[in-house]
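Biologist: I would like to learn how to read features from a set of coordinates. Please take me through a few of them.

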Amino acid sequence: MTAEHQRLRVNAAKKIPLEQWGPYLSERQWGTVREDYSNYGDAWNYFPYNHAHCRAYRWGEDGLAGISDFFQSLCFSIALWNGKDPILKERLFGLGNHEGNHGEDVKELYYYLDNLPTHYYMQYLYKYPQQEFPYTDLLEENRKRSKNMPEYEILDTGIFNNNEYFDVLVTYAKQNSKDIFIKIDIHNRYSQAAEITVLPTLWFHNRWSYDEMKKKPSISLRDKTSVRATDTRLGTYYLYFQQPSDCLFTENETNTMKVQGKPNLSPFVKDAFHDAIINDVNKDLLRQKKSGTKFSPVYHYKIEGGATKTIYLRLSNKIMDNPFQGVGLKIFNERKQEADKFYASIFPSGISSELANIQRQAFAGLLWSKQYYHYDVEKWISGTDGISTDISGKAYGRNHDWKHLKNQDIIAMPDKWEYPWYAAWDLAFQSIAMAMVDPVFAKHQLLLIMREWYMKPDGQLPAYEWNFGDVNPPVQAWAALEVYRIEKNKTGKGDITFLKKIFQKLIINFTWWINRKDAKGNNMFEGGFLGLDNIGVFNRSHRLGNDMHLEQADGTSWMGMYSLNMMDMALEIAMHDEAFEDTATKFFEHFVLIAEALNEQGMWNEEDNFYYDTLSIANSTPIQLRIYSIVGLTSLFAVSTIAKKTLHKLSDFKKRIDWFENYRVSNNKFWPNEEQKDGDQLLLSLVPQKKLLKLLERLLNEEEFLSNGGIRALSKQHESNPYAISIGGNEYSIQYDPGDSTSDLFGGNSNWRGPVWMPINYIIIQSIKKFGEFYGDELQVECPIGSNNKMNLLQVADALTKRLISLFTRNEAGKRPLYGKHNWFYQQSGNENLVLFYEYFHGDTGHGLGASHQTGWTSMVAELINEIEKEKIGLETNNEKRIFFEDEE
């Protein structure tokens with residue numbers, strides 16, 4: 001029981017298991033849907049990056065290496081100036097969706113080094129160039145490039161070639177939940193002296209402009225080294241700081257001259273510090289002002305080559321005369337030691353320092369990605385931000401039918417710059433990784449999205465803010481079981497109350513799927529893009545014609561998996577509460593009917609030995625879209641085993657499935673179950689053994705799905721054999737595309753036509769393990785195909801796991817595959833242990849692509865490391881296997 005575990009126990013007793021202060025500040029608030037008050041939903045152009053420093057936000061705040069309270073009333077972050085940039089570095093720079101050749105993309109170097117679930121210790125590293133930041137070069141060069149060219153990244157500009165930059169390391173260490181020490185280390189990586197200005201900034205989120213506050217908050221000067229911040233909701237806090245070069249106050253108000261061309265009512269605007277520091281405009285006014293809603297002590301340094309300057313601050317709700325004495329600066333070492341002990345208790349015994357570093361940074365990124373998210377759709381549609389004059393188009397525009405959605409919560413984001421909004425299926429995957437360090441918060445996140453201020457009254461879950469009505473794969477039940485398993489393995493006790501709570505809400509969502517996405521009532525499901533963006537030969541979310549209907553192999557498979565997950569959950573609960581036994585039967589029968597549809601209604605191709613989407617056209621024979629993609633492989637995901645001793649305990653369930661089997665077999669109907677010979681398990685799977693072997697022949701073929709870094713989203717076979725089809729006089733085609741997306745589907749910043757994606761690989765591995773646990777050594781396959789190397793399926797799962805982990809580990813040359821051509825930078829002294837967690841990975845080379853800080857679902861590599869290391873050192877027990885329904889004394 002480490003100090004962090006003790007703090008987590010206190011949080012677990014709260015109604016909402018959160019610390020008041022954390023890394024809840026977004027890294028990009030501009031360009032989001034919730035800040036978009038344009039008439040027709042042009043979010044990127046309505047609030048671009050060049051407005052972010054001078055325009056007040058409506059729904060939240062952003063900053064660099066920042067924190068806020070959980071209502072985001074008061075915020076703290078850093079701002080920097082190298083003496084050459086045209087603006088202060090207050091936030092991360094990146095390109096909007098229409099500016100990058102592959103959509104939006106952050107163009108900075110920053111790293112989440114450490115974090116604890118309670119945020120009692122946090123570290124963030126930012127690399128700041130000493131020469132003028134290449135804003136224009138990054139923008140213009142990316143605009144020039146076609147979609148067939150790679151993105152132009154900041155390491156391509158040459159700005160870091162000579163180590164002419166600062167490492168700015170920000171560390172937070174809490175004395176208690178409302179008392180936070182802050183340390184800012186500025187290290188000159190260059191050989192010569194360089195100047196820098198540092199502005200640790202405290203400010204209030206602007207709610208007063210929208211009549212949401214009875215009294216405007218205020219930050220006021222207390223003495224030469226402290227200010228008082230007062231807010232009716234938050235109370236009073238004090239920021240203590242070392243003697244600065246200057247103290248500046250302004251207001252968090254829009255600079256109307258820069259944004260609208262209208263004269264400002266006051267010189268005290270949001271970007272006043274920019275003009276004061278860079279152009280020496282109104283500096284005396286800002287010095288003379290003794291209160292406001294935005295404040296910075298200012299530090300000017302000339303730092304010798306290789307030297308470091310350190311700034312200490314303290315944000316506390318306590319008045320004190322000597323804030324840095326006594327416990328003072330020792331707190332950083334104490335909290336670091338507590339973090340070390342916490343992670344040592346979580347990591348497998350004997351784990352290498354290399355793998356431990358990857359795990360720890362994965363968790364750091366996951367925890368840094370917690371963000372305050374506020375979006376009231378009804379208010380957003382009917383209100384204004386005070387700048388847009390015509391919002392009539394919003395009444396029937398984006399998300400207009402989600403007026404019930406009123407979100408104001410701390411949520412784990414996929415990536416706080418590229419995706420500073422939750423996505424339903426991302427959140428499910430993130431919760432699995434979160435369960436390793438904070439299972440209570442992981443459960444809270446899964447339950448949160450089921451609440452009535454998220455879920456639509458008809459049961460639909462919100463997909464993401466760009467279109468809440470889109471459909472993500474229904475992975476919440478599976479994720480809930482994974483979180484339940486992880487916590488049960490750690491504590492020895494499963495949280496049945498959690499399963500009951502989420503089960504009740506999942507029934508509503510399951511019913512929505514049945515009623516809305518099975519148009520013909522034949523158990524063959526639609527769903528549209530289902531989170532896979534450009535995986536189809538055409539946009540699967542758009543109907544090609546009124547006489548056409550797409551029945552999706554993945555939609556059907558996801559629903560087969562959903563049915564099994566719900567059955568598993570009901571059976572686990574029924575071991576403690578017999579009232580759930582009947583419900584398990586319902587979902588079992590759903591599964592059987594879906595399995596029959598997938599295998600016997602035209603989705604399986606006997607010639608190709610693969611499952612395909614099927615396009616039905618009126619008065620025509622249905623067309624199989626013969627694309628070898630993970631759409632067909634999702635059929636592997638619906639697999640479960642039931643212990644026979646569980647069946648003996650649940651007699652009604654056993655009686656029903658025995659009757660159902662006899663009925664279907666005697667009537668020559670499809671039956672998906674398989675029993676072990678002289679064994680104690682029953683296997684339920686969408687894929688019969690014969691078809692399983694055929695799918696694995698493609699999955700484990702390095703000329704098709706298997707890459708050095710995991711399973712590709714599209715078979716490499718389509719590199720030389722593109723798939724093309726003519727529909728309604730239009731030509732559609734798809735080919736293997738292992739890198740960045742070359743299509744514009746869904747913004748063009750994600751690509752499912754060849755790269756490796758962590759979440760899909762994770763499910764594939766877990767599914768193959770379940771098959772392996774059932775078949776044991778009786779079923780062996782060649783892995784990889786053509787190697788003459790025979791493995792059972794548990795060994796196959798381990799081999800796939802190792803390939804995924806290898807993306808992050810250094811090879812014999814000291815290079816990590818994920819860094820590709822930029823490995824030169826990460827082999828330099830001081831950078832060799834820095835790890836990024838990309839959204840997806842090149843299907844041939846393994847280098848990282850898409851969002852660079854996707855420590856949402858890519859953080860699941862930490863769980864994969866955990867599993868493979870425990871197996872390696874022989875610590876896996878029966879309790880850790882994928883058999884939920886054990887005989888509990």
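Biologist: Is Glu 253 buried, partly exposed or exposed?

Modeller: Some background comes before that. This is a predicted model, in which local features need pLDDT of at least 70 and side-chain atom pairs count only at pLDDT 80 or more, while totals for chains, interfaces and linings use all residues. Residues are numbered from 1 along each chain as its sequence is written, and side-chain values use heavy atoms, with hydrogens and water left out. Buried means under 20% relative accessible area, exposed means over 50%, and partly exposed is in between, using a 1.4 Å probe and protein chains only. Glu 253 has 24% relative accessibility, so it counts as partly exposed.

Biologist: Which residue does Glu 253 meet in a salt bridge?

Modeller: Side chains of opposite charge can pair when their charged atoms come close. The rule for a salt bridge is a side-chain nitrogen of Lys or Arg within 4 Å of a carboxyl oxygen of Asp or Glu. Glu 253 meets Lys 216 in this way, at 3.7 Å from N to O. The pair links distant parts of the chain, 37 residues apart: Glu 253 is in the loop between strand S14 (246–250) and helix H5 (256–260), and Lys 216 is in the loop between strand S10 (194–204) and strand S11 (218–223). Helices (H or I, at least four residues) and strands (E, at least two) are DSSP runs, numbered from the N terminus. Lys 216 is partly exposed, at 39% relative accessibility.

Biologist: How many salt bridges does the rule give?

Modeller: The count comes to 61. One of them joins Glu 675 and Lys 644, at 3.3 Å from N to O. That pair also links distant parts of the chain, with Glu 675 in strand S26 (residues 673–675) and Lys 644 in helix H18 (residues 644–649), 31 residues apart. Glu 675 has a relative accessible area of 47%, so it is partly exposed. Lys 644 is partly exposed at 24%.

Biologist: Where do Lys 654 and Asp 658 lie?

Modeller: Both are in helix H19 (residues 651–666), four residues apart, which is about one turn of the helix. Lys 654 is partly exposed at 25% relative accessibility, and Asp 658 is partly exposed at 29%.

Biologist: Which residues are linked in a network of salt bridges?

Modeller: The network links Glu 482, Arg 485, Lys 769, Glu 863, Glu 867 and Glu 871.

Biologist: How do I describe two helices that pack together?

Modeller: Two packed helices are described by the angle between their axes and the distance between the axes. Axes are lines fitted to C-alpha atoms, for helices over the stretch in contact, and angles run from 0 to 180 degrees between N-to-C directions. The axes of H19 and helix H16 (residues 581–600) come within 9 Å and cross at roughly 25 degrees. That makes H16 roughly parallel to H19, since angles under 35 degrees count as roughly parallel, over 145 as roughly antiparallel, 65 to 115 as roughly perpendicular and the rest as oblique.

Biologist: Which residues make the contact between H16 and H19?

Modeller: Contact means heavy atoms within 4.5 Å. Among the residues involved are Phe 588, Glu 589 and Val 592 of H16, and Phe 653, Arg 656 and Phe 660 of H19. Not counting residues up to four places away in sequence, Glu 589 touches Arg 656 and Phe 660. The side chains of Glu 589 and Arg 656 make a polar contact at 2.3 Å. A polar contact is a pair of N or O atoms within 3.5 Å; within protein, one must be able to donate a hydrogen and the other to accept it, and residues adjacent in sequence count only if both atoms are side-chain atoms. Glu 589 is buried, at 17% relative accessibility.

Biologist: Why is helix H6 (residues 272–279) described as largely enclosed by the rest of the structure?

Modeller: Six of the eight residues of H6 are buried, so the helix is largely enclosed. The buried residues are Ala 272, Phe 273, His 274, Ala 276, Ile 277 and Ile 278. What covers them includes strand S3 (74–81), S10, S14, helix H7 (283–288) and strand S16 (294–303). Just after H6, Asp 280 takes a positive phi of about 60 degrees.

Biologist: Is Thr 491 buried or exposed?

Modeller: Thr 491 counts as exposed, at 52% relative accessibility. This residue lies in helix H13 (residues 476–491). A polar atom of the Thr 491 side chain lies 3.0 Å from the backbone oxygen of Lys 493.
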